[in-house]
Amino acid sequence: MTRHLLLETLLATAGVCCIAPATMAQAVPGRASTENIPAPRTRDAGDSRKSAFPKAKNEIEILHALVSSTDPIKLPAREAGSIMEIAVKRGYEVKIGDIVGQIDDTDAATKKEIAERERDGAKAKAESPHELRAAKEGEAVAKENYDANVALNAGGLKAVSLFDLRRSLFELQRARAQIGVAETEQIVARHTQHAKQAQIVAAENEIRRRKLTSPVDGVVIQVFKHVGDWAQPGDAVMEIVRMNKVEVDGWVMSEEASPAEVFGKPVTIYVDRPGPSNKDKPYEVKGHITFASQVMQGSGSNRQFRVSTEIDNEQIDGFWVIQPGSEARMVIDLNGQAAPRPTPPALKSSPIFSKVEALKPAEEQEEPVHEAAPTVDIKPAEAPAAEIPAPKAATAPKVEVAQPKEKAPET
């Protein structure tokens with residue numbers, strides 16, 4: 001009886017030891033987490049897999065490399081609001097730019113409508129010729145009146161009093177100033193139109209931010225928010241894993257090579273595929289080492305550094321051949337031609353940018369010319385100067401009018 005109990009205890013212990021590694025390998029995070037880094041290599045000369053894959057003299061073989069996703073993304077809400085729609089479920093494949101959800105955008109849509117109406121009103125005022133035409137016609141009438149008064153006083157007739165002459169000059173100056181006011185109001189209305197256009201773009205950006213779009217091609221593996229839930233900015237709505245590219249991580253012993261000798265070298269990846277039909281039939285894919293860490297880990301003869309590479313994934317019958325979390329074997333060819341070191345790409349502008357200038361009508365691009373024109377055509381400082389001499393000449397009767405009043409007592 002005691003032997004049976006002892007035997008059952010040993011079998012249970014062995015079962016737990018076998019299940020634990022399988023359980024740990026089920027949840028494989030992306031490379032953004034340090035948990036996806038495979039365990040450092042240990043010197044196991046009795047590994048049976050080495051005999052099945054003999055290596056050349058100048059090759060480094062890494063067993064138990066780990067496959068992980070290159071871009072696991074927890075898609076966040078960028079604006080606060082109620083979730084109105086979730087268009088995908090777990091297992092759905094999405095493309096970059098696909099709309100996968102919608103946050104309530106009623107307020108943003110209302111702001112856009114208000115700004116559009118105010119923009120249209122400002123545009124109508126900026127393009128209306130009536131006020132400027134009326135000001136110019138008023139200026140023409142005032143000038144005719146003033147010229148007529150000056151002509152009546154010419155030759156010593158003095159038919160118009162000095163008060164009426166000055167008043168006609170003031171009306172002419174005011175009419176000319178009214179032209180400038182009308183043109184200034186048109187300029188202000190045009191700037192108001194541009195400001196309202198900017199508000200429309202801002203409202204469109206708010207509406208766009210409330211549409212949940214996939215930033216990568218991938219598969220939805222988890223949905224955290226559902227219709228009716230409230231989302232704050234930064235809250236994860238769903239998790240999307242990129243599947244068309246995967247990363248393979250492993251460790252290289254410092255005695256075998258240095259990071260400089262490994263970086264960029266050709267590497268052959270043998271990925272274990274699940275299923276009994278794929279046993280001992282790994283999926284083979286080639287690539288180059290894209291990362292060789294310059295930070296060593298371990299001590300003594302176990303000093304080593306991390307290496308990784310990105311490889312393209314293949315889809316067959318709607319399923320990806322390589323799944324993140326799989327185990328792989330890496331064979332690095334130290335004699336192969338190293339790939340050139342990549343240079344960082346130029347920073348690209350955000351796809352969400354202000355389109356105020358792009359949305360301006362073509363005629364608005366010449367606005368600075370129209371704004372400067374009134375200062376040249378009107379010449380408010382020069383026009384009165386040309387007409388002032390006439391009123392000054394008309395002030396001479398001031399003495400003549402006073403003289404009869406002084407002579408009256410003599411008569």
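User: Let's start with helix H3. How many residues does it have, and how far does it reach?
Analyst: Helix H3 covers residues 106-127, 22 residues in total. It reaches 32 Å from its first C-alpha to its last, close to the 32 Å expected at 1.5 Å a residue. The expected span is 1.5 Å times one less than the number of residues. Helices (H or I, at least four residues) and strands (E, at least two) are DSSP runs, numbered from the N terminus. This is a predicted model: local features need pLDDT of at least 70, side-chain atom pairs count only at pLDDT 80 or more, and totals for chains, interfaces and linings use all residues. Residues are numbered from 1 along each chain as its sequence is written, and side-chain values use heavy atoms, with hydrogens and water left out.

User: Which residues of H3 are buried?
Analyst: Ala-108, Ala-115, Ala-122 and Ala-126. Buried means under 20% relative accessible area, exposed over 50%, and partly exposed in between (1.4 Å probe, protein chains only).

User: Where do they sit around the helix?
Analyst: Seen down the axis of H3, the buried residues fall within an arc of 55 degrees, so they line one face. The arc is that of the directions from the helix axis to the C-beta atoms.

User: And what does that face pack against?
Analyst: The buried residues of H3 pack against helix H5 (162-209). Contact here means heavy atoms within 4.5 Å.

User: Stay on H5. What does Lys-196 touch?
Analyst: Lys-196 lies in H5. It touches Ala-115, Glu-118 and Arg-119, not counting residues up to four places away in sequence. The side chains of Lys-196 and Glu-118 are joined by a polar contact of 2.5 Å. A polar contact is a pair of N or O atoms within 3.5 Å; within protein, one must be able to donate a hydrogen and the other to accept it, and residues adjacent in sequence count only if both atoms are side-chain atoms.

User: Lys-196: buried or exposed?
Analyst: Buried. Lys-196 has 16% relative accessibility.

User: What about Gln-197? Which side chain does it contact?
Analyst: The side chain of Gln-197 makes a polar contact with the side chain of Arg-119, at 3.0 Å. Gln-197 is also in H5. At 11% relative accessibility, Gln-197 counts as buried.

User: Zoom out. How many helices and strands does the protein have?
Analyst: Eleven helices and 17 strands. Of the 411 residues, 33% count as buried. Among contacts between residues at least 6 apart in sequence, 79% join residues at least 24 apart.

User: Which residues touch the most other members in the largest nonpolar core?
Analyst: Val-248, Val-262, Ile-269, Val-307, Ile-322, Met-330 and Ile-332, in a core of 25 residues. A nonpolar core is a set of buried Ala, Val, Leu, Ile, Met, Phe, Trp, Tyr and Cys residues joined through side-chain atoms within 4.5 Å. Elements giving two or more residues to this core include strand E1 (59-69), strand E10 (245-253) and strand E14 (304-312). The largest share, four residues, comes from E1.

User: Which residues is Val-248 in contact with?
Analyst: Leaving aside neighbours within four places in sequence, the contacts of Val-248 include Ala-65, Leu-66, Val-67, Ile-269, Val-307 and Met-330.

User: What's in the second core?
Analyst: It is a separate core of 16 residues, and it includes Ala-77, Ile-83, Ile-86 and Val-216. Gly-228 is in contact with Ile-83, and also with Ser-82, leaving aside neighbours within four places in sequence. Gly-228 is in the loop between strand E7 (218-223) and strand E8 (230-231). At 52% relative accessibility, Gly-228 counts as exposed.

User: Backbone check. Which residues other than glycine have a positive phi?
Analyst: Among them are Asp-280, with phi near 60 degrees, and Asp-317, with phi near 55 degrees. Asp-280 is in the loop between E11 and E12. Asp-317 is in the loop between strand E15 (315-316) and strand E16 (319-320).

User: Are those two aspartates buried or exposed?
Analyst: Asp-280 is exposed, at 71% relative accessible area. Asp-317 is exposed too, at 74%.
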